[in-house]
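Please work through each task before reading its solution.

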Amino acid sequence: MLNSYVIRRALSDGKYRKIFVERLTEPLHLNVISLGVALFGSFRAKVAFDLMVRQQYAFPILFAADAARRRGLPRITVLEFGVAAGAGLLNMCELARRTEAATGVAIDVVGFDTGRGMPPAIDYRDMPEYFQEGDFPMDFEALRRALPGRCRLVIGDAETTIPDFLASVSPEAPIGFVSVDVDYYSSAVKVLTVLDGRPEQYLPLVPVYLDDVSMDGANPWNGELLAVAEFNEARPLRKIAPFNVLRSKRVFKNAGWIDRMFAAHIHDHPSRTPATAKRAEQAYIPNEYLR
């Protein structure tokens with residue numbers, strides 16, 4: 001059901017654009033149906049109709065949980081890099097709770113941040129025209145008190161915290177979603193090393209949300225897009241690409257978050273290796289023209 005937080009968020013902080021540009025440019029009948037879904041629909045229906053706060057988290061967390069359930073996995077881990085004040089992390093925890101209830105797959109949430117705000121930019125690649133040192137500080141104690149038990153907050157430079165974190169990730173609770181909201185190219189380079197673990201520590205396809213790729217000044221030679229390009233160049237069996245034909249699969253196709261949804265393909269995952277990827281039954285396509 002729509003609550004006061006959803007309404008306040010929709011009407012504040014420049015959210016009018018989402019209503020008038022993204023939502024109301026969609027077919028009228030879909031918006032009418034959305035009212036019924038908002039009032040009476042299931043969690044799955046609300047995710048399908050983009051009715052959750054931070055749909056860019058709702059969709060990939062549900063996608064990952066469904067993928068884990070098909071593989072018989074009891075648990076997944078979802079990550080947010082760039083916690084700042086923590087609203088996104090708390091929202092991720094609530095979405096994890098609701099997804100867990102809908103799928104039966106337990107979900108652990110881990111947030112990563114320096115806790116000190118943004119460091120100095122290294123050069124033009126960090127897009128200093130948009131971000132500067134000290135932006136997005138954290139009230140660590142207030143946030144820590146607000147976090148539910150399913151969530152862990154990791155404070156420190158990603159270069160030092162990620163190796164210890166990866167050492168703790170179990171194949172029984174693989175990484176299923178990664179949100180990258182660290183703004184700088186230099187920070188994204190460090191953060192993407194979280195995808196360098198053993199293949200069984202991930203789902204075969206891991207949704208990756210890149211928050212800062214849609215600014216006018218963003219391009220393949222700066223910011224998170226440059227970090228992704230360098231990641232792909234350096235790793236023959238790990239590739240990050242736009243989430244395949246996602247827009248055509250969505251009910252509402254004008255949503256801006258779709259352009260920021262990518263996927264990490266773990267090509268050395270056992271399920272993508274010929275020797276271990278065999279199914280019990282052979283695929284067969286019937287031919288209705290044969291008698």
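**Exercise 1.** Determine how exposed Asp196 is, and identify its salt-bridge partner.

Solution. Asp196 has a relative accessible area of 36% and is therefore partly exposed (buried is under 20%, exposed over 50%, partly exposed in between; 1.4 Å probe, protein chains only). Its partner is Arg235, with the closest N and O atoms 2.6 Å apart; a salt bridge requires a side-chain nitrogen of Lys or Arg within 4 Å of a carboxyl oxygen of Asp or Glu. Arg235 lies in the loop between helix H10 and strand S6, and Asp196 in the loop between helix H9 and strand S5, 39 residues apart (helices, H or I, of at least four residues and strands, E, of at least two are DSSP runs, numbered from the N terminus).

The model is predicted: local features need pLDDT of at least 70, side-chain atom pairs count only at pLDDT 80 or more, and totals for chains, interfaces and linings use all residues. Residues are numbered from 1 along each chain as its sequence is written, and side-chain values use heavy atoms, leaving out hydrogens and water.

**Exercise 2.** Locate the salt bridge between Arg250 and Asp50.

Solution. The N to O distance is 2.9 Å. Arg250 sits in the loop between helix H11 and strand S7, Asp50 in the loop between H4 and H5, 200 residues apart. Both residues are buried.

**Exercise 3.** How many disulfides does the structure hold?

Solution. The count is 0, a disulfide being a pair of cysteine sulfur atoms within 2.5 Å. Cys93 is in no disulfide, and its nearest cysteine sulfur, that of Cys151, is 3.8 Å away. Cys93 is buried at 4% relative accessible area; Cys151, at 12%, is also buried.
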